[in-house]
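Here is a friendly walk through one protein model.

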Amino acid sequence: MVTRFVHAKIRPGKLSEMKRFYNDEVLLTLQQTPGCLYACLIQSLDDPDDLISCTLWDTQEHARGYEESGIYTSLLQKARDLLQSSTEWRVQLAKELKLEYTPVQEEPMVRSYRTATSAEIGEISEVLSSPMYVRLTSMKVEHERTEEFKRIYEAEIVPVLRGVPGCRYAFLVESADEGEAISVTIWDSKEHADAYEQSGIFDELVEKLRPTFSQVFQWKMKLAEEAQAATVTSEDLTVKPYQVVTGKQLR
């Protein structure tokens, strides 16, 4: 199974319109697209204009075929008026030797990941069918320790999460090219996820995985410990909270 994340920013106040567009256009189109098993739209709790479309696919070939078919591009064009424009400008020299400034349209970021641990589409779609809290924890892993990382996650992380109040589901996705893994956990509420992190269990689970992290991240963690920092943040391990806006099982 393949998980595909499309990360985009919408214009302020456009959430209701985007939800309507997602239900009427995106879900209807994906339901007719071979290999698409499930789709949902999640909203960042840190930035209400920050959205991710999460789709689950039977195979990488199905996900790639969808994008190469032009269907994704067509949906993107229909949603243009709902998306934020880029603040970046491209500078070029015109034929008259005058500088021209052309706005650059910011494209949503698309990333595809393999599902690295056992995950049943029925179970995922069931827990995401009602308002839920989704927590995405992104980690950078040493390439040669990827299999060890997955074994630890399956054998030591998932069993603990199953016993944490409010945690409904957990699975791991990975990018083979970038050495990135994302732990997707689904919760009954934000309060349950906050209680989990404040209990110290999250820190304990990070310690179990620490030996497999990239050397850069381990170095950053060591510096933070020596400085007696209360928390560690870096580009190698990030935790982002989201809530489900809408979603549907398609197969």
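## Overall make-up

The protein holds eight helices and ten strands, both taken as DSSP runs numbered from the N terminus (helices are H or I with at least four residues, strands are E with at least two). This is a predicted model, in which local features need pLDDT of at least 70 and side-chain atom pairs count only at pLDDT 80 or more, while totals for chains, interfaces and linings use all residues. Residues are numbered from 1 along each chain as its sequence is written, and side-chain values use heavy atoms, leaving out hydrogens and water.

Of the 251 residues, 46% count as buried, meaning under 20% relative accessible area (1.4 Å probe, protein chains only).

## Helix 1 against helix 3

These two helices pack with their axes 11 Å apart, at an angle of about 170 degrees. Helix 1 is therefore roughly antiparallel to helix 3, a term for angles over 145 degrees. Axes here are lines fitted to C-alpha atoms over the stretch in contact, and angles run from 0 to 180 degrees between N-to-C directions.

Contact means heavy atoms within 4.5 Å, and the table shows who takes part.

| Helix | Contact residues |
|---|---|
| Helix 1 | Phe 21, Glu 25, Val 26, Thr 29 |
| Helix 3 | Ile 71, Leu 75, Lys 78 |

## The buried face of helix 7

Helix 7 spans residues 201-209, and Phe 202, Leu 205, Val 206 and Leu 209 are buried in it. Seen down the axis of helix 7, its buried residues fall within an arc of 105 degrees, so they line one face of the helix. That arc is taken from the directions from the helix axis to the C-beta atoms.

Note on methods:
Angles under 35 degrees count as roughly parallel, over 145 as roughly antiparallel, 65 to 115 as roughly perpendicular and the rest as oblique. Buried means under 20% relative accessible area, exposed over 50%, partly exposed in between (1.4 Å probe, protein chains only).
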